[in-house]
Amino acid sequence: LLKEINKQALKSNRIIDVLLQFYIADEETKFGLSEEEANDLLSSEEFKLLKNIQVRGLMGMATFTKDQEKIKGEFHKLKKIQNSLKANHFSNNDLFNVVSMGMSGDYLTAIDEGSTMIRIGSSIFGTRN
């Protein structure tokens, strides 16, 4: 997907901001990278050739549960991954500063755990059919 975004951005002579999605939930319906996969990706020569994307940070979705301690732990994990990737791959990049986590039901916990971007569509527009 990053290669395709880079390819399309190159056609328009643009740099596209992207977030890397991480699997932090305890649900099979969610998906994303592991920290190990992200480190492999970011260290690869192939990734270094993608000049028309700018990794701005990470995103992740917590398990769909009312257990706020579980959600807190998953958000804490994502923030910890962000700190590690910042130190190892983006230490000289001030634009790597986004941690997108938290939705309408758990955004307060997400903010407490360091989220810089929340997604609260259902609080604004109502639940989906």
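I take a salt bridge to be a side-chain nitrogen of Lys or Arg within 4 Å of a carboxyl oxygen of Asp or Glu. I am working on a predicted model, in which local features need pLDDT of at least 70 and side-chain atom pairs count only at pLDDT 80 or more, while totals for chains, interfaces and linings use all residues. I number residues from 1 along each chain as its sequence is written, and the side-chain values use heavy atoms, with hydrogens and water left out.

**Entry 1: salt bridges**

I searched the whole structure and found 6 salt bridges. I looked up Glu27 and found that its partner is Lys30, with the closest N and O atoms 2.8 Å apart. I then checked the accessibility of both partners, where buried means under 20% relative accessible area, exposed over 50%, and partly exposed in between (1.4 Å probe, protein chains only). Glu27 is buried at 16%, and Lys30 is likewise buried, at 14%.

I turned next to Glu46, whose side chain meets that of Lys3 in a salt bridge (2.6 Å, N to O). Glu46 lies in helix α3 and Lys3 in helix α1 (residues 2-11), so this pair ties together parts that are 43 residues apart in sequence. For helices (H or I, at least four residues) and strands (E, at least two) I use DSSP runs, numbered from the N terminus. With a relative accessibility of 47%, Glu46 counts as partly exposed.

I also noted a salt bridge between Glu45 and Lys48, with 3.6 Å between the closest N and O atoms. Both residues lie in helix α3, 3 residues apart, which is about one turn of the helix. Glu45 is exposed at 58% relative accessible area, whereas Lys48 is partly exposed at 42%.

**Entry 2: the cavity**

Grid points are joined across faces, edges and corners, and a volume is the space filled by probe spheres set on the points.

How many cavities of 30 Å³ or more does the whole structure hold? I found 1, and the volume of the largest cavity is about 40 Å³. Its lining consists of Gln21, Phe22, Tyr23, Ile24, Ala25, Lys30, Phe31, Gly60 and Met61. I sorted these residues by class, counting Ala, Val, Leu, Ile, Met, Phe, Trp, Tyr, Cys and Pro as nonpolar, Asp, Glu, Lys and Arg as charged, and the others, Gly among them, as polar. The lining has 6 nonpolar, 2 polar and 1 charged residues.

**Entry 3: the pockets**

The largest pocket holds about 480 Å³ of space. It is lined by 21 residues, of which Phe64, Met103, Ser104, Gly105 and Ser122 lie nearest its centre. Helix α6 (121-125) and helix α4 (68-89) each supply at least two lining residues, and α6 gives the largest share, 3 residues. By class I count 7 nonpolar, 9 polar and 5 charged residues in this lining.

The second largest pocket has a volume of about 300 Å³. Among its 13 lining residues, Phe47, Gln54, His89, Phe90 and Asn93 lie nearest the centre. Two or more residues come from each of α3 (45-48) and β2 (53-60), and β2 gives the most, with 3 residues.

Note on methods: On a 1 Å grid over the protein atoms alone, a cavity is a set of points where a 1.4 Å probe fits but cannot get out, and a pocket is an open set with protein on both sides within 12 Å along at least five of seven lines; lining residues have an atom within 4 Å of a point.
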